[in-house]
Amino acid sequence: EVTVVMALEPAAVARRLAASRVAAGAVPVEHVGVDGQTIPLDDASCDAALSTFTLCTVPDPGKVLSELRRVLRAGARFHFLEHGIAPDRTVAKWQYRLEPWQVRLADGCHLTRDAPMLVQAAGFVMERCEQRYAKGPKPWSWFTLGVAVKPPAPTSPGRPTGETADAPQTYRPTSSKEAGRPDRAQSATGPRASACQDEISLIP
């Protein structure tokens, strides 16, 4: 049973638009901050997390995911919805071409970030990952709906408790070379964004 939701939302307009629905809701929502890179909550204090269109816009998605992993309890699930780099070479080429303009015009939103790869690189174990095109222009419509789990803390070097050598992984990242561009590091520049209505919700 959910007793309270802790929300991080950088856009004052979004908070104002949501105020009436929050007030009418059965579960209290507390706004605890504006920056997912520094979450003002204790370690292992939350039972679940939800993020929508956040990893595409934040300056440092790795830091955001590290903070989420810190505040979640072992075994807690992280639910996320993102758009990002498409698997089709032609679409991906256009995403790389459009990215500089996208970042400038959409408050830092990126088209070429790979959400499942970022989530796994942060130490989460992917439990479910669904990817498909939504309606709209393809460079903006490759969506990922995923659920990842924070594994238990390691009890011996090299392996977390309960994790086996053949633990299932439901997602194989597509490299930027496969997508039609030489490999290069993910960009982590640009201002904190609000164009994609990025939001993180935590359940303590």
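Buried here means under 20% relative accessible area, exposed means over 50%, and partly exposed is anything in between (1.4 Å probe, protein chains only). A search of the whole structure turns up 0 disulfides, a disulfide being a pair of cysteine sulfur atoms within 2.5 Å.

A word on the source: this is a predicted model, where local features need pLDDT of at least 70, side-chain atom pairs count only at pLDDT 80 or more, and totals for chains, interfaces and linings use all residues. Residues are numbered from 1 along each chain as its sequence is written, and side-chain values use heavy atoms, with hydrogens and water left out.

In E6, 6 of the 8 residues are buried. Strands pair if DSSP finds at least two bridges between them: E4 (residues 72-83) runs antiparallel to E6 with 7 bridges, and E5 (residues 125-133) pairs with E6, also antiparallel, over 8 bridges. Arg128 has Val147 in E6 as its bridge partner.

Arg128 also forms a salt bridge with Glu130, at 2.8 Å, that is, a side-chain nitrogen of Lys or Arg within 4 Å of a carboxyl oxygen of Asp or Glu. Another salt bridge, Glu127 to Arg77, links strand E5 to strand E4 across 50 residues.

Notes. Helix = DSSP H or I, 4+ residues; strand = E, 2+ residues; numbered from the N terminus.
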